[in-house]
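User: Could you show me how to read the pockets of a protein model? I would like the general idea, then the case at hand.

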Amino acid sequence: MPKVAIYPGSFDPVTNGHLDIVERGLKIFDKIIVAILYNPNKEYLFGLEERLEMLKDCLKKFKGVEIDSFDGLLVNYAAQRKAHAILRGLRAMSDFEYEFQMALMNRRLNREVQTVFLMTGLRWIFTSSSIIKEAIQFGGNIDGMVPDLVQAKLVQKFDLDTGSGQTGKN
Ligand code: PNS
């Protein structure tokens with residue numbers, strides 16, 4: 001039976017840290033379904049379709065990756081997709097409590113689905129979608145933290161002018 005994992009998240013937007021987890025996850029799993037949670041009660045910078053498009057573009061070079069979205073409980077989605085694992089990246093200590101809580105709850109909800117954590121690459125230890133959005137909207141340079149096409153979308157979203165190559169406000 002192929003080893004299938006769900007890599008769930010908000011991906012608002014996808015970062016190079018996320019891509020690193022997918023690439024390394026493919027060394028363990030035959031197939032990874034990168035799944036965006038559809039939560040109409042939460043505000044996102046990018047709409048669901050935009051996030052799906054960005055993920056598709058960034059991950060098209062990988063075989064064994066599917067992009068999808070889900071709503072409701074993650075373990076129900078995993079069961080529906082015949083996945084036996086949930087893949088999550090772990091950054092510094094701050095992620096641990098939340099991830100531990102979520103993994104235990106998911107295990108309680110469905111003991112057939114195992115959560116597998118990959119330690120984030122050292123390069124991406126402080127990379128998060130939220131911090132990237134915060135930095136770029138105030139003119140901070142985020143080169144190398146997100147794929148080029150995502151950076152271009154962020155620039156567009158915040159109506160920034162990159163001028164001399166530095167990401168900055170008009
Ligand atoms: O990228 P994020 O925002 O940290 O991802 C969080 C996500 C989508 C993995 C989590 O919120 C989730 O799985 N939501 C679906 C509802 C659910 O099953 N929650 C966990 C058990 S209560």
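Analyst: Let's go through the pockets one by one. This is a predicted model, where local features need pLDDT of at least 70, side-chain atom pairs count only at pLDDT 80 or more, and totals for chains, interfaces and linings use all residues. Residues are numbered from 1 along each chain as its sequence is written, and side-chain values use heavy atoms, without hydrogens and water.

User: How much space lies in the largest pocket?

Analyst: A pocket is an open set of points on a 1 Å grid over the protein atoms alone, where a 1.4 Å probe fits, with protein on both sides within 12 Å along at least five of seven lines; lining residues have an atom within 4 Å of a point. Volume is the space filled by probe spheres set on the points, joined across faces, edges and corners. Here that comes to about 860 Å³. The lining has 36 residues, with Pro 8, Gly 9, Ser 10, Arg 88 and Tyr 98 closest to the centre.

User: Which element gives the most to that lining?

Analyst: Elements are DSSP runs numbered from the N terminus: helices (H or I, at least four residues) and strands (E, at least two). Helix 4 gives the most to the largest pocket, 7 residues.

User: And what lines the second largest pocket?

Analyst: Its lining includes Asn 16, Asp 57 and Trp 124, around about 150 Å³ of space. Helix 1 is the top contributor there, with 4 residues.
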